[in-house]
Amino acid sequence: IEKDPNNISYYSVLGKVYDDLYQKESGEGGDATKAQSHFDNALSYYNQALEKDGTFFSAIYNIGALYYNKAAILTKDLITLESDYSKEGTRKYKAKQGDVLAMFDKALPFFQKAEAIDANDVSTLIALKEIYAKKDDLTMSNEFKARIEKAEAGDKNDSYFKK
């Protein structure tokens, strides 16, 4: 980056390195403080790539994936809370569920923008289908399920979000 500060790929790759470190540190036995630091660094480098080119697909997609994966990690915590039917347990469950949905809400616009750039990227379409399902929007989830099937069959989708 120091030698070629305008090469956006370097920022995106470094973001991915921190993203991978975040995923590893978020696992069982990991350090939550270190994990958050890696998350913040990944997001920073992805955003620096976008500052150089706001249409750089890799950075857009990876920010969406970063938030999506954080939601998935929080979902594991949610599962541990679902068997506690006490008033306090229910409160904790609803609070954690709100955190999960907030992460999906943060991921969604990045996947929408990624889809507008490449309407046939199956990973993006899967993320959109899953997010809409988690948000109980089955109409949109089914829309993206159909788009996945179309892309996997070799047909081309027009972007749903392209303006």
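Asp136 is placed in the loop between H5 and H6, where helices are DSSP runs of H or I of at least four residues and strands are runs of E of at least two, numbered from the N terminus. The structure is a predicted model, in which local features need pLDDT of at least 70 and side-chain atom pairs count only at pLDDT 80 or more, whereas totals for chains, interfaces and linings use all residues. Residues are numbered from 1 along each chain as its sequence is written, and side-chain values use heavy atoms, with hydrogens and water left out.

The predictor's confidence in each residue is expressed as pLDDT, on a range from 0 to 100. For the protein chain the mean pLDDT is 95, and 99% of the residues reach 70 or more. Confidence is lowest in helix H3 (residues 57-81), with a mean of 93, and highest in helix H6 (residues 138-152), with 98.

Asp136 has a phi near 60°, a positive value in a residue other than glycine. Most residues other than glycine have a negative phi. With a relative accessibility of 67%, Asp136 counts as exposed, where buried means under 20% relative accessible area, exposed over 50% and partly exposed in between, for a 1.4 Å probe and protein chains only.

Lys135 lies in the loop between helix H5 (122-134) and H6, and Asp105 in helix H4, so the pair that they form ties together parts that are 30 residues apart in sequence. The contact between Asp105 and Lys135 is a salt bridge, with the closest N and O atoms 2.5 Å apart; the term denotes a side-chain nitrogen of Lys or Arg within 4 Å of a carboxyl oxygen of Asp or Glu. Asp105 is partly exposed at 38% relative accessibility, and Lys135 is likewise partly exposed, with a relative accessible area of 33%. By this rule the count comes to seven salt bridges. One of them joins Asp77 and Lys96, whose closest N and O atoms are 3.8 Å apart. Because Asp77 lies in helix H3 and Lys96 in helix H4 (residues 87-117), this pair ties together parts that are 19 residues apart in sequence. Asp77 counts as partly exposed, at 34% relative accessibility. The side chains of Lys129 and Glu130 also meet in a salt bridge, at 2.7 Å from N to O, and Glu130 is partly exposed at 25% relative accessibility.

A search of the whole structure finds 12 aromatic pairs. Rings of Phe, Tyr and Trp (its six-membered ring) pair if their centres lie within 6.5 Å, and planes under 30 degrees apart count as stacked, over 60 as edge-to-face and the rest as tilted. Tyr22 and Phe39 form an edge-to-face pair, with 5.2 Å from centre to centre and 70° between the planes. Since Tyr22 lies in helix H1 and Phe39 in helix H2, the pair ties together parts that are 17 residues apart in sequence, and both Tyr22 and Phe39 are buried. Tyr68 and Phe104 form an edge-to-face pair as well, with centres 5.3 Å apart and an angle of 65° between the planes. Here Tyr68 lies in helix H3 and Phe104 in helix H4, so the pair ties together parts that are 36 residues apart in sequence; both Tyr68 and Phe104 are buried. One aromatic cluster is formed by Phe57, Tyr61, Tyr68, Phe104 and Phe111. Tyr18, placed in helix H1, counts as partly exposed at 22% relative accessibility. Between Tyr18 and Tyr68 the separation is 50 residues in sequence and 15 Å in space, C-alpha to C-alpha.

The largest pocket holds about 320 Å³ of space. Of the 16 residues that line this pocket, the closest to its centre are Glu25, Ser26, Gly27, Ala35 and Ile73. On a 1 Å grid over the protein atoms alone, a pocket is an open set of points where a 1.4 Å probe fits, with protein on both sides within 12 Å along at least five of seven lines, and lining residues have an atom within 4 Å of a point. Grid points are joined across faces, edges and corners, and the volume is the space filled by probe spheres set on the points. Helix H1 (8-25), helix H2 (32-52) and H3 each supply at least two residues of the lining, and H3 gives the most, with five residues. The lining divides into five nonpolar, five polar and six charged residues, where Ala, Val, Leu, Ile, Met, Phe, Trp, Tyr, Cys and Pro count as nonpolar, Asp, Glu, Lys and Arg as charged, and the others, Gly among them, as polar.
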